Amino acid sequence: MERNSEREPIGVIGTGYVGLVTAAGFAALGSDVYCVDIDVEKVRGLKEGRIPIWEPGLKELVAEHRERLHFSTDLASALEHARLLFVAVGTPPTYSGDADLSAVHAVVAAMPASDRHALVMKSTVPVGTGENIERAFAEQGKGFRYVSCPEFLKEGSAVKDFLHPDRVVVGDTGDWAGDAVQALYVPLDAPIIRTDIKSAEMVKLASNAFLATKISFINEIANVCEETGADVVEVARGMGLDDRIGPKFLQAGIGFGGSCFPKDVTALKQLAGNSGYHFQLLNAVIEVNELQKRRVISKLQKHLGDLVGKEIALLGLAFKPNTDDMREASSLVLSARLSAAGARVRAYDPVAESEARKLIRGIEFTPSAAAAVEGADAAVLVTEWPEFAELDLVAMAASMRGSLLVDGRNFIDPDRARAAGLLYEAIGRPSHNGAG
Ligand code: UGA
């Protein structure tokens with residue numbers, strides 16, 4: 001990847017996970033990056049090299065390009081040094097399921113009159129947001145340009161995803177701002193889609209909704225596999241080799257979580273509804289996902305009967321491995337359901353414990369997987385952390401009171417579990433040890 005000292009400086013507004021990765025990535029490509037955040041503590045930490053999120057490789061990338069990364073709570077330096085201001089503020093769901101755009105609107109309102117600048121929207125926003133912002137700029141006589149440049153980073157591999165994107169989408173009205181954004185991405189050597197603003201906004205929502213649909217689809221196939229004796233891992237392998245289907249996002253499990261899929265699927269459904277269209281498929285995607293989180297309870301009850309007083313160990317809490325993010329994690333529903341059913345829950349997560357403590361009450365956190373399973377009636381693998389591949393299953397079986405392992409991510413080798421003397425239940429795979 002070519003690095004160029006002549007690179008255009010940029011501003012980044014919002015130093016959350018998307019903003020910070022974008023800032024560090026563009027700094028790595030040679031741009032001076034002026035980051036702005038309203039959170040005084042966060043900015044102080046960033047100036048001192050403290051990274052507020054756990055994302056592999058990010059700390060190192062920020063440290064390596066420190067001299068090009070400038071952090072401030074004041075917009076003025078970004079406006080002074082950069083024409084392009086990337087917006088990466090949160091757009092969480094509201095009670096109605098629509099995206100909360102108050103942080104985006106606050107950014108728009110804070111912009112001065114200028115025909116030299118452009119806002120580049122990284123935050124995920126409903127289709128039509130760009131048009132509304134352009135109209136607001138025009139009405140206020142601000143002269144600002146607007147570009148939609150949605151983000152496709154995955155937590156846990158965000159740095160790699162920034163540096164090696166499958167595609168870059170630039171939605172604009174065909175002037176200097178879109179060209180300037182495109183030029184920033186050229187060194188990454190990825191296909192660049194130039195399109196209109198609304199289509200760019202829709203690419204983002206449709207991509208996330210499609211991936212979520214793929215997951216709910218394979219989860220339903222898994223549930224039918226359980227009824228019919230087929231093995232969903234074999235089925236996904238056979239399906240995935242079809243080029244038109246592809247092998248990714250066909251891992252059955254206990255449902256998708258995170259800050260994006262649940263929010264964006266609901267936002268797209270809501271967007272459709274607000275425009276008078278009933279998006280039936282997405283209703284099913286959401287419902288299947290909710291039910292999928294709860295199926296673990298029936299698997300536990302099948303073997304343990306009433307869960308009152310039963311000791312259940314949760315292995316992993318984060319919504320997926322390599323992140324400490326607990327937003328919409330399946331473990332939130334699972335632990336709450338288990339507690340409500342009278343079970344005693346112990347949980348271990350290698351990274352997400354402190355985030356989990358803020359959201360989950362009434363369970364015990366343990367410092368290791370071994371401590372979580374000791375004396376447990378059953379263990380549930382919730383997040384496929386790499387270290388769980390190395391679990392000493394023989395020692396685990398010996399230290400548990402019961403022998404049930406529910407593998408919520410089809411992560412453990414069933415034969416290994418069986419050989420260790422565990423009663424192994426997966427998702428959409430035949431039960432082992434004659435437990436079915
Ligand atoms: C997702 C998208 O993959 C990114 O492209 C997008 O940029 C991002 O949302 C966003 O909009 O910001 P992320 O939420 O980080 O990224 O996580 P994913 O790796 O996509 O996983 C989401 C959930 O789906 C996890 O709970 C994961 O366990 C689950 N999943 C994923 C499955 O259950 N099965 C699969 O086969 C794949």
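Let me begin with a definition: a residue is called buried under 20% relative accessible area, exposed over 50%, and partly exposed in between, with a 1.4 Å probe and protein chains only as cover. Asp 415, for instance, is partly exposed, with a relative accessible area of 43%.

Hi everyone, and two housekeeping sentences before we go on. This is a predicted model, so local features need pLDDT of at least 70 and side-chain atom pairs count only at pLDDT 80 or more, while totals for chains, interfaces and linings use all residues. Residues are numbered from 1 along each chain as its sequence is written, and side-chain values use heavy atoms, with hydrogens and water left out.

Let's go to the ligand. Which residues come nearest to it? There are 19 residues around the ligand, and Leu 153, Glu 155, Lys 204, Asn 208 and Cys 260 come nearest; a residue is near if one of its heavy atoms lies within 4 Å. The shell divides into nine nonpolar, three polar and seven charged residues.

When I say helix or strand, I mean DSSP runs numbered from the N terminus: H or I with at least four residues for helices, E with at least two for strands.

Now the ligand's oxygen atoms. One is 2.7 Å from an N or O atom in the side chain of Asn 208. The backbone takes part as well: an oxygen atom of the ligand is 2.9 Å from a polar backbone atom of Gln 251, and an oxygen atom of the ligand is 3.0 Å from a polar backbone atom of Gly 257. The protein covers 92% of the 720 Å² of accessible area that the ligand has on its own, with areas from the Shrake-Rupley method and a 1.4 Å probe.

Next, salt bridges. How many does a search of the whole structure find? It finds 31, where a salt bridge is a side-chain nitrogen of Lys or Arg within 4 Å of a carboxyl oxygen of Asp or Glu.

Take Arg 194 and Asp 172, whose side chains meet at 2.9 Å, N to O. Arg 194 lies in strand β8 (residues 192-195) and Asp 172 in the loop between β7 (168-171) and α8, so this pair ties together parts 22 residues apart in sequence. Arg 194 is partly exposed at 31% relative accessibility, whereas Asp 172 is buried at 9%.

Another pair is Arg 429 with Asp 231, at 3.0 Å, N to O. Here Arg 429 sits in the segment after β14 (423-425) and Asp 231 in the loop between α9 and α10 (232-240), so the parts tied together are 198 residues apart in sequence. Arg 429 counts as buried at 16% relative accessibility, and Asp 231 is buried at 17%.

Back to Asp 415: its side chain meets that of Arg 418 in a salt bridge of 2.5 Å, N to O. Both lie in helix α17 (residues 414-419), three residues apart, about one turn of the helix. Arg 418 is partly exposed, at 34%. Elsewhere, salt bridges that share partners join Glu 226, Arg 295, Lys 299, Lys 302 and Glu 425 into one network.

In α8 (residues 176-185), the buried residues are Ala 177, Gly 178, Ala 180, Val 181, Leu 184 and Tyr 185. They fall within an arc of 160°, so they line one face of α8; the arc is that of the directions from the helix axis to the C-beta atoms. In α10, Val 232, Ala 236 and Gly 240 are buried. Those residues cover an arc of only 65°, which puts them on the same side of α10. The face turned away from that buried side of α10 carries the exposed residues Arg 237 and Gly 238.

Last, some backbone angles. Most residues other than glycine have a negative phi. Phe 249, though not a glycine, has a positive phi of about 60°, and its place is in the loop between α10 and α11. Glu 328 has a positive phi too, near 55°, and lies in the loop between β9 and α13 (330-340). Thanks, everyone!

Terms used: Polar contact = N/O pair within 3.5 Å; in protein donor to acceptor, adjacent residues only side chain to side chain. Nonpolar A, V, L, I, M, F, W, Y, C, P; charged D, E, K, R; others polar.
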